Amino acid sequence: MGVPARLRITADEVAFEHVGVMSRHRPGGERAEIDAELRAVAKARRRAGVGTVATDEPVERYVAALDRLGNRLGEYFLAGDVGAALGVALRAGEVLRLAVEVEDPVLADLPWEMTVLPGESEPFALDRRVQVFRALSARSQMATVPTAGPLRILAVVASPELGGVTRLDYEAEVDRLLSATDPAVHGGQGAEFEKEEWGSLAAIEARLRSGTFHVLHVTAHAAPGLLVLEDDEGYPDYVSTARFAASLLSSGHVPPLVVLSACSTGLGMKAGSEDSDEFRGMARELIRHGVPTVLAMTASVNDLYATQLAGMFYQLLAADPAVDPLTAFTQARQDLEQARAQAERTAPGWAQVEWWVPTLFAGADPGPLYMPAERPVTQRTARIPFVGRRANLRTLKRVLESQEPHVMLHGLGGSGVRSLANALAERMSGAPQIVRVRCDRGVGGVLDCIAGALGLAPWLGVGSWFRYLDAIRPVLQNGPVLLLANVPDAALLPPRTPGEADWLLADEQLSWFFTAWTQLTPTTPLVLTARRRFALPGTPRIHRHQVGPLHPVEARLLARRLATLDADAQSRILRAVGGHPGIYQRVAMRASQGPLVGNGTVDRLIESAIDEAADVAGLPDLLMDADWRLLLDVAVFRKPVGADAFEAPDSGVPLGTALDRLCAAGLVARADDRYLVDRWLAGLLLWMWPADVADAHLRAAAYWRGDDAPGSPTAALLQVRHHLKEAGELREALLVNDQICRAMADLGWWSDAHFFYKEARGWVRTGSADAARIERGIGDLWVLAGDDTEAQRYFDVALTAFRRVGDEAEIVGTLRRLGVLAIRNGEKSEGQKLLTQARDRGEALGATHGIAELYRYFGLADLQQANYTGAETQLRRALACYEAEKDHRSSCLVYIDIGDLYRARKLQYEANAAYGKALSIASTHPSAAFAAASIFQRFLPAHRLGARGPVPHPTAPRRRTWTEAAHSVLDG
């Protein structure tokens, strides 16, 4: 484990204790210098986090700022006897488990993990000889006796939906948690991961009471000393450290490790009472209240880094019971930073230097979390509980507790209609008596069930059932009672005419009974469940809710519950099934009967479960009466879309009615006026009508290409790319893929562009012109990333392939790129030679666009050589060609180049005029919007907008924000 040591720091003294020997000295130097370096780090971090500048300079400046701050901390606090003693301890050859104890609140929030010992080069956090943590004295230290393994993790995500607070993206946070725990769960150690559905303090305490967990992982918004959890209604609950700690302690099962995935939970406030939780901070005060170990954040942290750190951390803990949190945390942090520093510049997360943000707090040197299991861990029986649908449950609960508490839940068989009804009943306030009835024996059967459940005299079919219901009304209203009635398929009839959507109850008396219930006992809750939406006579006030597929993240949680299957099998099932709980239940039952070997066995299991689900849902009969073309058009979409994505049926039925009819039957799910077919059903439909699938995909591609397509232009193009490929239009899909990658490159999202280029490699034949264009596109990314060596390697591969197939136009484009690279690297004569070759061959072809690009690159080469007159001449020639071709994106880029030229000549007025022209083009033509973002990049490093945080991903649903932001720069 290493040798324990303690570094105690106050404003007046620094002390170091190691193997019983104490060293002391007074700190020296100017504290103002540390404050200045802290500000410099914050400023450099904001700039490096933008991720849009096509060089690595902001990241290098950020790393240099961290180094300066670390050295300044070492010089101020460790230059003296303590530093000398610490150096001797480091050189002793054993790992030092260094407890940093800082009680002074003025000093406590300094980033001690950054400290660099004078004479050394690595900060404490990255030095392989050191395992550093923050030590605090607890008021009452909990006795931490490790319990038996395997590692058990309880995860909670708090995302209040009401109350006006900024809402966490609940599904995205859960998805990151699943990614973070995948290595531990599927890494062969059998770690167990459970997610509590509700992010309330009461739910956390109840779950802890129910079993022993080694880790409690909480994701939430936070402020110093406060966690923003949620109450039962979905409003925010601002939980102080004292409340949170008291709840953990009262559960009787305090986890030995609490992970707070919330910003600034490792920090205190700069003003206030020094005895308050808010002043000292959440993590510190949890330790003081007796929680053994806390992992918290001292600043906001990048999502990718947080997921990677948690994944490696939990995997290390799960792999070996002897590994304690400090050892696992130290190794994970150091390995991740080493991998980042050695990664290619296009790698995801390369610009995110986050190693100093997570901090481990402990009341004592942390020990192992759990003991080895006394016997081999038995494989858990597959169990598929109710998962997700949080927002639905809260909305429906409010309806059932209103003055009109009547709900109809309907959905395709297996979608979880009755499970949702049961979960809803369990969450009802006041613990009403739940009366469950079936509707296959008419009104008499329903009344018999009610009488038996409530101990009433039976109806016996004598007299009017209406009078009987009126007679028992006081019992129903004062119960409290909740009637849960399931309507089987056999009790329903299809709509009478094509122009109607709702099904009908075959028993007319039963229809009137439910209408009468809503009127005679208007405050007695009623929940009707059925696979088809049906109408009731009269005008009953009833809330109708379709139970559609689970959200993809909720489906991923269900797939994770298939404990008898490995990670690959779970992923295959998730892709094929989508969000249908019933199929997961069937897969779980069959998988628990014996081991599954090979993809073929898993695929057969999936096919069998889907076929059975289709039969149970009555799919063959439903499809006979469905508008199959409209259904197929909905099925090809991967994301929910509005009705404007579809064409009206040839039958003459209005589009809205036709869609509503499909929803009433459960074939199409509707939420927020958007429509979707679940993956398993879509797969069946595409298999059933293969001849019509290509046309449906082409119609979908046309929708996403429209000006009114939802989301960002790049997100829409990704959908176009998918549909074109599925329709067999490979060449067109590749052109769109190149357009997407260029847009991402405009914003500096090189790793995403690289991913899509590499994915497209699998679509084409090696050595073909299409493959060569992909290689050249990757080379363009390396140019932006500043690695000309890698860029030239890809360009050479592309040029060889183009020459082999005789594609003269592509040879011209590749020669041009190689010429520019040569000039950039000081080989001016070679570069001019290549560019001249490209120009001559292009003129022979009559390729106007190629000539325009050559003019532009000649101009950029002249600009690099400070030949401003020649540069402007060439750029103006390029601009004339682009404007004649109506190539708005390229025109926008040339205006930006001209603006750069004027800036280099210190003609700011002229530069702003050129930039303004580029922005005007981008505002009018969305295809040029991403190109205009480079104006934003040019100003960002030196402009006040740098404080606004990272540029959003280009697939984020925001249009034209780049032009607006750049306008604000120029106007400011």
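**Exercise 1.** Determine how strand S17 pairs with strand S22 in this predicted model.

*Solution.* Start with the ranges: S17 covers residues 406-410 and S22 covers residues 526-530. Strands here are DSSP runs (E, at least two residues), numbered from the N terminus. Next, count the links: five bridges join the two, and they run parallel. Pairing requires at least two DSSP bridges. Finally, take one partner pair: His410 bridges to Ala530 in S22.

Two notes on the model. Residues are numbered from 1 along each chain as its sequence is written. The model is predicted, so local features need pLDDT of at least 70, side-chain atom pairs count only at pLDDT 80 or more, and totals for chains, interfaces and linings use all residues, while side-chain values use heavy atoms, without hydrogens and water.

**Exercise 2.** Work out which strands S1 pairs with, and in which direction.

*Solution.* S1 spans residues 3-9. Take S4 (residues 96-102): seven bridges join it to S1, and the two run parallel. Pro4 stands opposite Arg97 in S4. Now take S2 (residues 14-18): five bridges join it to S1, and the two run antiparallel. Ile9 stands opposite Val14 in S2. S1 and S2 form a hairpin with four residues between them.

How values were computed
Buried < 20%, exposed > 50% of the residue type's maximum accessible area, 1.4 Å probe, protein only.
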